[in-house]
Amino acid sequence: MKRIFDFFLAAVLIVLLVVPLLIIACLVRLKLGAPVLFHQQRPGRHAKPFKMLKFRSMLDKRGPDGELLPDSERLPAFGGWLRSTSLDELPELWNVLCGEMSFVGPRPLLMEYLPRYSSYQARRHEVRPGITGWAQVNGRNNLSWAEKFDLDIWYVDNRSFRLDMYILLRTVASVVKRDGINASGEATMSAFKGNEP
């Protein structure tokens, strides 16, 4: 039932939002350059890699050594606005349509984090990753990594259609209020370094 819901809602939203999506794409191209879409491999269900899509929000500024500058120095005002409104996430509707993501589930993190998880934390990959999730409506980037993982696993163990509807409604409210966009002192969220020995 969840997959059917995801497929049809994603299809409807893509059709309804085609004009706003094109407008945002044009603005990204004008203000941030090409490519308009940012894509990166992320672990999906059972940690199977997939290519997650987002609207580009950062510049490719590099230091004298050729390395990318920190996120805070590459995130312009327009990119920050895209993130604060969560409009940069809209291309993930395609990932939902293709069955790589769900509307609700643990957020897909970086591939490089996989070997850093404990067996408990790795359970977040028992379900499809989501555009939003239990952690996102309970603090988002204001949470510690441990708190996020605890909320992710709670969702895995308690998931239901009713809970998904509740999370979607809470997500709308969080996006409107722009809650928890950035971690304290960070442009986004600090990297997950692994667990203490």
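These questions and answers walk through a predicted model.

Residues are numbered from 1 along each chain as its sequence is written. In this predicted model, local features need pLDDT of at least 70, side-chain atom pairs count only at pLDDT 80 or more, and totals for chains, interfaces and linings use all residues, while side-chain values use heavy atoms, without hydrogens and water.

Me: How many cavities of 30 Å³ or more does a search of the whole structure find?
Reply: On a 1 Å grid over the protein atoms alone, a cavity is a set of points where a 1.4 Å probe fits but cannot get out; a pocket is an open set with protein on both sides within 12 Å along at least five of seven lines; lining residues have an atom within 4 Å of a point. Grid points are joined across faces, edges and corners, and a volume is the space filled by probe spheres set on the points. The number of such cavities found is two.

Me: How many charged residues are in the lining of the largest cavity?
Reply: This cavity holds about 40 Å³ of space. Its lining includes Arg-45, Arg-107, Arg-124 and Arg-128. Ala, Val, Leu, Ile, Met, Phe, Trp, Tyr, Cys and Pro count as nonpolar, Asp, Glu, Lys and Arg as charged, and the others, Gly among them, as polar. The lining has five nonpolar residues, two polar and, as charged ones, four.

Me: Which element gives the largest share of the lining of the second largest cavity?
Reply: The second largest cavity has a volume of about 30 Å³. Helix H1 (2-16), strand S3 (102-104) and helix H7 (161-177) each supply at least two lining residues. By class, the lining has six nonpolar, one polar and three charged residues. The largest share, four residues, comes from H7.

Me: What is the volume of the second largest pocket?
Reply: Among the residues lining this pocket are His-46, Lys-48, Phe-50 and Glu-100. The lining divides into two nonpolar, three polar and four charged residues. The volume is about 160 Å³.

Me: How does H6 lie relative to H7?
Reply: Axes are lines fitted to C-alpha atoms, for helices over the stretch in contact, and angles run from 0 to 180 degrees between N-to-C directions. Helix H6 (residues 145-158) and H7 pack at about 140°, with axes 10 Å apart. Angles under 35 degrees count as roughly parallel, over 145 as roughly antiparallel, 65 to 115 as roughly perpendicular and the rest as oblique. That angle therefore makes H6, relative to H7, oblique.

Me: Which residues of H2 make the contact with H1?
Reply: H1 and helix H2 (residues 18-32) pack at an angle of about 65°, with their axes 4 Å apart. Contact means heavy atoms within 4.5 Å. From H1 come Ile-14, Val-15 and Leu-16; from H2 come Val-18, Pro-20 and Leu-21.

Me: How far apart in space are Ile-131 and Leu-93?
Reply: Ile-131 sits in strand S4 (residues 130-132). Leaving aside neighbours within four places in sequence, its contacts include Leu-93, Val-96 and Phe-103. Ile-131 and Leu-93 are 38 residues apart in sequence; in space, C-alpha to C-alpha, the distance is 8.2 Å.
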